Amino acid sequence: MTTIDVVGGVYGERCAFPDWDEVYGSAGRAAAGLSGHVNEVRLHTVIPKPHQARALANFESFGIHVHTHDGDQLIGFDYLHCLADPAISPPPSAIKQQPAFEVNADVAVVFGMMECKPIVSAGLCIYDPQSPNDPKYFNLTGSKAKRLVVIANEGEIAKLSGKSGYEAATDVLKSEQAELLIVKRGLDGAQIYDSTGCLGSVPAYKTKNVFTIGSGDIFVAAFALSYAIHEKGPLESADYASMAVAQYVETSAMPIQTFADASSTKRSPIELAGGQIYIAGPFRELGQRSTVNEARRLLSKLGMKVFSPVHDIGHGPADKVVKHDLAAIENADAILAILNGSSPGTLFEVGYAVAKGKPVFCVGQNMRSNDMKLPMGAGCVVHNDFISTIHLVAWRK
Amino acid sequence: MSGGGGGGSSDDQWRPGAGGPVSGDDKCSIVEKTVVNSPVATVVAGLKVGDVLTIALETHPRKRVIARASNGQTAGAITSTHLVEIIECLEGGFEYSAEVLSATGGRVEIEIAPA
């Protein structure tokens, strides 16, 4: 009989692109991810009574046993796209703290919560502080564990320790008296530390779609399954967790994939290609310009140099600007084309780039299928999701 | 289903399930986008945009709402902020279908609507 107790927040999540309207939160997602992998998944959380029936129906459909405590507010996160900063409702300063509840478990997966500080007593605890602004040490939450694994991202480790890099990781490991510390590093994978230092790292893997909301929760759940239940080693468990994340990021589906599925799925580690990217897309309306701005920001963040006609040339008569546009296409390593809504100018740029042998990646939202025939037939990569396309450009071969 | 705003402003209360009944006096007239969970790889691999799935209620070993392909095979399960209503309506004999909106890399987005 294997049981995992998952402790943490259940929150509303809404994303406009891609469309997503669910109630998961870190603990809810981890519990859903673990369902079917152990005999029993128990989810300990706070859900206000008026929202319990809706939330429980979903969790019970995964076979999760929910131990819920009443609360005042259902907290929710609202994203324009999955890498945008979310609007949080209610605002963090207005979130009311709920009475602590206690959980005793053999194996616990514990996430920091916004509205409550549960007291956990566990044989083996996998802890994620889950707070970019105010992460808490596990051993200062009143909880205790005979064995502790801390999984946190680089920002949280830095916040906890006041240091950075190797020094921050070893400092947190020592302060927590943890047997392992896993540093989640986004597209750079994860690093694994124990008392002897850095044991190694695992990569993040390429996917066909990129949906990042909750990907870190899946990492924690999969690591817990491998390390705590199946007693696999830290590096092997971290690699399985990274594979499980890739599967979730690609499909948005739960439960997490099995060990057999993970080992039979061929995936390549992410290697960022860098290079110069030309953004082709209309920019004369607010929405169009916002999209170009966001594409420029995200491509830069992913290590690419970006040429954006509106930013790098500006407005002007055709005989002055077009030759610069075409020269920039010729100098580019790849093209990101925002085809949304059919723009003749953008399609011209795509055609020119194809003729020059440039790899072209198209975001195609709200497009008639007939308008997509030429780009698709010419070998352009076409995707209907903005964030996915940005990443396909980032890790192109 | 309406989308999100993201960034900056926020409301005092989260309002889950912005989609749902298109007519206020009929709780079963739900139109909602979601993704297929617990996907059956061999079935999902054969799905393409425009395919119509049947939405059904499975009661064993637990109650869950599933999507079936045209050959009757289960493609996967669905979650929804309106799952309570969908289950009640299915139990009452109401029928739903789901159109495949996108199917890329194992991510199957569907739109559930009254059949």
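In what order do the strands of the open sheet of 5 strands in chain A stand, and is their pairing parallel or antiparallel? In this predicted model, the order is β15-β14-β16-β17-β18 (chain A), and the pairing is parallel. From one strand to the next, the twist averages 20 degrees.

Within this sheet, strand β14 (residues 276-280) of chain A pairs with strand β16 (residues 334-338) of chain A in the parallel sense, over 4 bridges. Tyr278(A) has Ile335(A) in β16(A) as its bridge partner. Helix α8 (residues 286-301) of chain A packs on the sheet and touches β14, β15 and β16 of chain A. The direction of α8(A) makes about 150 degrees with that of β16(A).

Parallel pairing is also found among other strands of chain A. Strand β8 (residues 102-111) of chain A is joined to strand β1 (residues 3-7) of chain A by 3 bridges, and β8(A) pairs with strand β9 (residues 119-128) of chain A over 9 bridges. Towards β9(A), the bridge partner of Val110(A) is Tyr127(A).

| Strand pair (chain A) | Sense | Bridges |
|---|---|---|
| β1 (residues 3-7) and β8 (residues 102-111) | parallel | 3 bridges |
| β8 and β9 (residues 119-128) | parallel | 9 bridges |
| β14 (residues 276-280) and β16 (residues 334-338) | parallel | 4 bridges |

Key. Residues are numbered from 1 along each chain as its sequence is written. Chains are lettered from A and ligands numbered from 1 in the order in which they are written. This is a predicted model: local features need pLDDT of at least 70, side-chain atom pairs count only at pLDDT 80 or more; totals for chains, interfaces and linings use all residues. Two strands pair if DSSP finds at least two bridges between them. Helices (H or I, at least four residues) and strands (E, at least two) are DSSP runs, numbered from the N terminus. Axes are lines fitted to C-alpha atoms, for helices over the stretch in contact, and angles run from 0 to 180 degrees between N-to-C directions. Two residues are in contact if their C-beta atoms, placed from the backbone, lie within 7 Å.
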